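The points below go from the whole chain to selected elements and residues.

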Amino acid sequence: MSQMTPGQARVVDPILSTHALGYKGAGLIARVLFPIAFVGMYGGNVIEFGKEAFRLYNSRRAPGSATKRIQFGYQGKPYAIVPSALEAPVPRELMRDASQVPGINLATRAVNTVLRSVNLEHEYNCAQLARTAGNYDAGHKVALVGTARWTGNASDPSADINAGREAIRASIGVYPNLVVLSARAFSACQNNAKILDRVKYTGRDSVTTEILARLWNVAQVVVGEATVADAADAFGDVWGNDVVLAYTNISSDPNVEEPSFGYTYAIEGHPLVEQPYWDPNSKSWIYGVSFDNTPVLSGITAGYLIQDAGAAAA
């Protein structure tokens, strides 16, 4: 079996790394709530944001006078990025010409196998941060019970969302621009009597995220559809029954200096595809993907948690 030459590696790796950077798994929404912001070090302090990040400053100055200086954010809790990597094989038996390096299609399939796993892990880690009630102060969370849950007759999802919008605006001066619905909360919305009454004149056959975004006056509503299996192979929803409102950095070029509910601090260039290597024992080419990252809460007062919105009404 011939080994990959440096020239072959240079051709394959940049293509696959670019593919890895833009990969989006179905039903995965963590990168919207925790956009990726690249950092150069594996450890440091999270840049956190208070009200001063949203303050209106007077930039006018007299000729020759000093220029006002502002600083957004401050050094908060420390972060540490733990290296993470997985590999997937391309067996020799799948290759038309076993003496050659796998073509780009086979290589991409192997990389996608790994990306599905590393992105699901990232989704789970982000959901754990966003769904932990202890991360929020008393004014930025509510736990729905009984028929107040969105599956109940007494529920009013729009009122709950509006309460969260006002709590965020009172804390940071701007309304949230994102609502994250768990799959169960979204299903409850689609069958909720008050929601159906509000949207019955839209001419649509069903309640969509676009309709909810207009109804709730937010830029975007996304649904977390991901599930994970536990050690006993029982599946559970990554986002449970919960809803998260947030003001987040939804620009095309997120960076840690911009106010946001959260970020995914990732090492520059990640996720990246490692140079493939030949494993004689498995008679396969091995493709590895490294995604060294950690999700962080950088502006928790820019978030609001609604727990158990999609749970069964008791």
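1. The protein has seven helices and 16 strands. The coordinates come from a predicted model, and the remarks that follow should be read with that in mind. Of the 314 residues in the protein, 46% are buried.

2. Taking contacts between residues at least 6 apart in sequence, 80% join residues at least 24 apart. Two individual pairs may be set beside this figure. Tryptophan 278 and proline 91 are separated by 187 residues in sequence, yet their C-alpha atoms are 9.9 Å apart in space. Isoleucine 267 and proline 83 are 184 residues apart in sequence, with 9.4 Å from C-alpha to C-alpha.

3. Helix H5 spans residues 183-190, and its buried residues are Ala185, Phe186, Ala188 and Cys189. Viewed down the axis of H5, these buried residues fall within an arc of 160 degrees, so they line one face of the helix. The partners against which the buried residues of H5 pack include helix H4 (157-172), helix H6 (193-199) and helix H7 (209-216). Strand E6 (178-182), strand E7 (220-224) and strand E10 (243-246) are also among these partners.

4. Helix H7 is mostly covered, with six of its eight residues buried. The buried residues of H7 are Thr209, Ile211, Leu212, Ala213, Leu215 and Trp216. Their cover includes H4, E6, H5, H6 and E7.

5. What follows H7? The helix is followed by asparagine 217, which has a positive phi near 60 degrees. Asparagine 217 has this positive phi although it is not a glycine. Asparagine 217 is placed in the loop between H7 and E7. With a relative accessibility of 55%, asparagine 217 counts as exposed, because the cut-off for exposed is over 50%.

6. Lysine 283 is another non-glycine residue with a positive phi, here of about 50 degrees. Lysine 283 is found in the loop between E13 and E14. Its relative accessible area is 36%, so lysine 283 is partly exposed.

7. Strand E13 (residues 277-279) contains tryptophan 278. Is tryptophan 278 buried or exposed? Its relative accessibility is 14%, and tryptophan 278 therefore counts as buried, the limit for buried being under 20%.

8. Serine 290 belongs to strand E14 (residues 284-290) and, at 8% relative accessibility, counts as buried. The side chain of serine 290 makes a polar contact of 2.5 Å with the side chain of glutamate 274. Residues up to four places away in sequence aside, serine 290 touches Ser84, Ala85, His270, Pro271, Leu272 and Glu274.

9. The bond from histidine 270 to proline 271 is cis, with omega near 0 degrees. Proline 271 lies in the loop between E11 and strand E12 (272-273).

10. Isoleucine 267 is part of strand E11 (residues 262-267). At 10% relative accessibility, isoleucine 267 counts as buried. When neighbours within four places in sequence are left aside, isoleucine 267 is in contact with Phe38, Val39, Gly40, Met41 and Tyr42, among others. Ile81 and Asp292 are also in contact with isoleucine 267.

11. The second largest pocket has a volume of about 210 Å³. It is lined by 14 residues, of which Glu48, Lys77, Leu297, Ser298 and Ile300 are the closest to its centre. Strand E2 (43-48), strand E3 (74-80) and strand E15 (293-297) each supply at least two residues of this lining. Which strand gives the most to the lining of the second largest pocket? E3 does, with three residues.

Conventions:
Residues numbered from 1 in each chain as written. Predicted model: local features only at pLDDT ≥ 70, side-chain atom pairs only at ≥ 80, totals over all residues. Heavy atoms only, no water. Helix = DSSP H or I, 4+ residues; strand = E, 2+ residues; numbered from the N terminus. Buried < 20%, exposed > 50% of the residue type's maximum accessible area, 1.4 Å probe, protein only. Contact = heavy atoms within 4.5 Å. Arc of directions from axis to C-beta. Polar contact = N/O pair within 3.5 Å; in protein donor to acceptor, adjacent residues only side chain to side chain. 1 Å grid on protein atoms, 1.4 Å probe; cavity = no way out; pocket = protein on both sides within 12 Å on 5 of 7 lines; lining within 4 Å. Points joined across faces, edges and corners; volume = space filled by probe spheres on them.
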